[in-house]
Amino acid sequence: MERVAIFADVQNVYYTTRERYQKHFDYTAFWRHATTNRQVVAAFAYAIDRGDSKQQGFQNILKTIGFTVKLKPYIQRRDGSTKGDWDVGITIDVLDFAGQVDRVVLLSGDGDFAILLHKLKRDFGLRCDVYGVRSLTAAALIDAADNFVAIADALLL
């Protein structure tokens with residue numbers, strides 16, 4: 001059975017599905033799709049912790065599905081802008097698991113991950129799946145993936 005590790009960029013998926021479809025992403029449907037006939041070695045969901053009860057309920061749902069939830073504190077700068085980026089953390093975790101799996105599944109549209117996917121394929125011989133909103137996913141990331149799955153109706157609530 002193919003061994004897989006899943007890495008979900010929660011903020012990216014939340015904002016892209018909301019912008020494109022005005023809907024929420026269906027993590028349960030995604031899990032079924034991404035894990036069928038595969039052994040899940042690791043599954044992480046990366047989110048920002050605002051400490052509100054609605055968000056904590058969502059995080060519990062992710063845990064029930066099978067994700068380990070990793071949180072960063074919500075940071076608001078003096079100028080009013082916010083920071084909540086998990087790119088480096090996701091990259092480190094992906095590299096930590098690269099030697100233990102046959103395939104990496106990345107749930108994000110962030111083009112910064114294209115370099116990571118090229119490294120995974122070149123240095124580890126891994127297959128890479130990317131799930132993202134097509135119109136809001138970087139072309140470089142789509143091109144770097146072995147398999148791009150466009151988030152559409154079947155993966156939306």
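Predicted model: local features only at pLDDT ≥ 70, side-chain atom pairs only at ≥ 80, totals over all residues.

Visitor: Okay, how much space lies in the largest pocket?
Guide: The largest pocket holds about 660 Å³ of space.

Visitor: And which residues lie nearest its centre?
Guide: Of the 24 residues that line the largest pocket, Y14, H24, K54, Q55 and F58 lie nearest its centre. The elements that give two or more residues to this lining are α1 (10-21), α2 (27-35), β2 (38-49) and α3 (53-65).

Visitor: What does the lining look like by class?
Guide: The lining of the largest pocket has 13 nonpolar residues, together with six polar and five charged ones.

Visitor: You mentioned α2 and α3, so at what angle do they pack?
Guide: Helices α2 and α3 pack at an angle of about 20°, and their axes are 10 Å apart. Angles under 35 degrees count as roughly parallel, and α2 and α3 are therefore roughly parallel to each other.

Visitor: Is that crossing left-handed or right-handed?
Guide: The crossing of α2 and α3 is right-handed.

Visitor: Which residues meet there?
Guide: On the α2 side Y27, T28 and W31 take part, and they meet F58, L62 and I65 of α3. By class, this contact of α2 with α3 has five nonpolar residues, one polar residue and no charged ones.

Visitor: Switching topic, how do α4 and α5 cross?
Guide: Helix α4 (residues 87-97) and helix α5 (residues 114-124) have axes that come within 11 Å and cross at roughly 15°, so α4 and α5 are roughly parallel to each other. Their crossing is right-handed.

Visitor: What makes that contact?
Guide: From α4 come T91, V94 and L95, while α5 brings L116, K119, L120 and F124. Sorted by class, the contact of α4 with α5 has five nonpolar residues, one polar and one charged.

Conventions:
Residues numbered from 1 in each chain as written. Heavy atoms only, no water. Axes fitted to C-alpha atoms, helices over the stretch in contact; angles between N-to-C directions. Helix = DSSP H or I, 4+ residues; strand = E, 2+ residues; numbered from the N terminus. Parallel < 35°, antiparallel > 145°, perpendicular 65-115°, else oblique. Left-handed = near helix turned anticlockwise from the far one by under 90°. Contact = heavy atoms within 4.5 Å. Nonpolar A, V, L, I, M, F, W, Y, C, P; charged D, E, K, R; others polar. 1 Å grid on protein atoms, 1.4 Å probe; cavity = no way out; pocket = protein on both sides within 12 Å on 5 of 7 lines; lining within 4 Å. Points joined across faces, edges and corners; volume = space filled by probe spheres on them.
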